[in-house]
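Thanks for coming. Please take a minute with the sequence and the structure, and then I will go through them piece by piece.

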Amino acid sequence: MATQSTNANSKPKKGEHADPEQKIETALDKTELFFQKYTKQLLTGLLVVVIVVGGYFAYEYLVKRPRAVKAAEAMFVAEQLFAAGDYTAALEGDGSNAGFLDVVAQWGGTRPGRLAAHYAGVCYMKLGDFDAAMEYLGKYKEVKGAPGVLINAQNIGLKGDIHVERGDYAQAEKAYAQAADAADNVLTTPYYLRKLAYVYAAQGKTAEAVAVCERIKTEYASSLEARDIDKLIGEFGQGR
């Protein structure tokens, strides 16, 4: 009886299990063929990633951070002048040192530069130039973390103050509501809620004004604004 010869290189028939080593070799061959076929594309993609990541770190550490340091150093004297109440010198400089306007012009894209824009807006408000104040307050970009969130709220609230000065109570209402919600704390939130209540009352919205006062009384009882809140509720309530 003739014996049936077996071909070692033949593929396993359906239902038979392939040799594990053969499976591995086949997978490796496919992987090798894949890399051979797409080597150019893979290297190009890798190069793009390296350029993007490298560019980010280069910009962050060689450009952005050094510029921020220079901006902070430049506005140091301006901050002192601001604290002393010399708002014109704080804006324009004292002849030897930069003012907030210089910092905004040179380093406006940095965090200190954006803060300088906020300071410039406050200075213009103190000097009675509300158009310039609104312009520079608008150059400020919100920042994260404390005390940035407090400045964020103040920036919005100051815009509300300008709207009040202009008699635009509808816009002031929006600004104070946004300022109150910008940072939920016992300092800024009840402060701007109280301003919001007055703006509501000025527009004849006495129910809304009372509701805001009730919120101060309930949610921020330990705040300064809550100390005479019952009296204010009574005053607004009479206008219903």
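Predicted model: local features only at pLDDT ≥ 70, side-chain atom pairs only at ≥ 80, totals over all residues.

Where does A175 sit? Its place is in helix α8. Leaving aside neighbours within four places in sequence, A175 is in contact with I156, K159, G160 and H163. Take G160 from that list: A175 and G160 are 15 residues apart along the chain, and their C-alpha atoms are separated by 4.9 Å.

Another name on that list is I156, which lies in helix α7. I156 is buried as well, with a relative accessible area of 6%.

Now let me step back to the whole protein. The secondary structure comes to eleven helices and zero strands. Read along the sequence, then, the pattern is α-α-α-α-α-α-α-α-α-α-α. The protein has 240 residues, and buried residues make up 34% of them. As for contacts between residues at least 6 apart in sequence, 49% join residues at least 24 apart.

Next, the cores. Which residues touch the most other members of the largest nonpolar core? They are F82, F100 and V103, in a core of 29 residues. The elements that give two or more residues to this core are α1 (20–74), α2 (76–83), α3 (87–92), α4 (100–107), α5 (111–126), α6 (130–137) and α7 (148–165). The largest share comes from α5, with eight residues.

Apart from its neighbours within four places in sequence, F100 is in contact with M75, A78, E79, F82, A90, L91, A116, Y119, A120 and C123. There is also a second, separate core, with 24 residues, including A197, I216, I233 and F236.

That leaves the helix pairs, and I have three of them. Two packed helices are described by the angle between their axes and the distance between the axes.

On the α5 side, the contact is made by R111, L115, H118, V122 and M125. On the α7 side, the residues are G148, I151, Q154, N155, L158, D161 and I162. By class, the contact of α5 with α7 divides into six nonpolar, four polar and two charged residues.

Is D161 buried or exposed? D161 is buried, with a relative accessible area of 17%. Leaving out residues up to four places away in sequence, D161 touches M125, Y176 and K195.

The next pair is helix α8 (residues 169–182) with helix α9 (residues 188–202). Their axes come within 8 Å and cross at roughly 160°. The two are therefore roughly antiparallel to each other, since the cut-off for that is over 145 degrees. The crossing of α8 past α9 is left-handed. From α8, the contact takes in Y169, A172, E173, Y176, A177, A179 and A180. From α9, it takes in T189, Y192, L193, K195, L196, V199, Y200 and A202. By class, this contact has twelve nonpolar, one polar and two charged residues.

The last pair is helix α10 (residues 206–219) with helix α11 (residues 229–237). How do they pack? The angle is about 170°, with the axes 9 Å apart. That makes α10 roughly antiparallel to α11. Here too I can give the hand: α10 passes α11 in a left-handed crossing. The α10 residues in the contact are T206, A209, V210, C213, E214, I216 and K217. Those of α11 are I229, D230, L232, I233, F236 and G237. By class, the contact of α10 with α11 has eight nonpolar, two polar and three charged residues.

Note on methods
Residues numbered from 1 in each chain as written. Heavy atoms only, no water. Axes fitted to C-alpha atoms, helices over the stretch in contact; angles between N-to-C directions. Helix = DSSP H or I, 4+ residues; strand = E, 2+ residues; numbered from the N terminus. Parallel < 35°, antiparallel > 145°, perpendicular 65-115°, else oblique. Left-handed = near helix turned anticlockwise from the far one by under 90°. Contact = heavy atoms within 4.5 Å. Nonpolar A, V, L, I, M, F, W, Y, C, P; charged D, E, K, R; others polar. Core = buried A, V, L, I, M, F, W, Y, C linked by side-chain atoms within 4.5 Å. Buried < 20%, exposed > 50% of the residue type's maximum accessible area, 1.4 Å probe, protein only.
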